[in-house]
Amino acid sequence: MATENLEDVPSVDLMTELLRRMKCASKPDKRLILVGPPGSGKGTQSPIIKDEYCLCHLATGDMLRAAVAAKTPLGIKAKEAMEKGELVSDDLVVGIIDDALKKPSCQKGFILDGFPRTVVQAQKLDDMLDKRGAKVDKVLNFAIDDAILEERITGRWIHPSSGRSYHTKFAPPKVPGVDDVTGEPLIQRKDDTATVLKSRLEAFHKQTEPVIDYYNKKGIVANLPAEKPPQEVTSEVKKALS
């Protein structure tokens, strides 16, 4: 990726970035993994943690797509696998994470989201970090009861043309099933139905429980009360990382 010519970057932006880096210099390094089912609030907390601790956010799906688009050596290999309809190998994904960690934005550490999903991936990640003289510091487990998640997610209704969203319990429309502004009918996203959610949660638990156990043995898991309001979860995160 070609770096933008610094001469063309406005002074304000340069200074802002410089001040940010100076502020970040005193922060301790942190290497974090976020684990939690869909709707557990990871997406809300992740940018807050990223800014607070000056970390880079690594979403493996986005990174794979970026590596393929940039035609990096690993990206080319990943593209070959995808074109054959194969899964991208764990070694390739860990390699792409390894490449990403060379960036200045990852100097203070990272937040990994959506990886590792298996114990083998967790071991490979540990081996790669070990070679860099680093290790995972904390695994933030967004623990939440399935029943609460079901209420959170299956209550979501959307007005398709405006993107306005409602919740039958937490933010109901004035008239059930109808958009407040236009009076048009609301729809439920396919992923938000109880049946889809149930199968997603089953897959999630089956897949991640062994990973949580793996990190529990290392004593680095922090269980967060993800059913609480976002501000409270944020303060629990800060407690866990202090």
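The model is predicted: local features need pLDDT of at least 70, side-chain atom pairs count only at pLDDT 80 or more, and totals for chains, interfaces and linings use all residues. I number residues from 1 along each chain as its sequence is written, and side-chain values use heavy atoms, with hydrogens and water left out.

I noted the torsion about the S-S bond of Cys56 and Cys106 as about 110°, so this disulfide is right-handed. Cys56 sits in strand β2 and Cys106 in the loop between α5 (90-100) and β3 (109-113), so I have a link between distant parts of the chain, 50 residues apart. Helices (H or I, at least four residues) and strands (E, at least two) are DSSP runs, numbered from the N terminus.

I checked burial next (buried is under 20% relative accessible area, exposed over 50%, partly exposed in between; 1.4 Å probe, protein chains only). Cys56 is buried at 5%, and Cys106 is buried at 6%.

I then turned to Cys24 and Cys54, which a disulfide joins with S to S at 1.9 Å. Cys24 lies in helix α1 (residues 11-25) and Cys54 in the loop between α2 (42-53) and β2 (56-59), so the pair ties together parts 30 residues apart in sequence. I have Cys24 as buried at 6% and Cys54 as buried at 7%.

My count is two disulfides. Counting bonded cysteines along the chain, I wrote the pattern as 1-2, 3-4.

Terms used
Disulfide = S-S within 2.5 Å.
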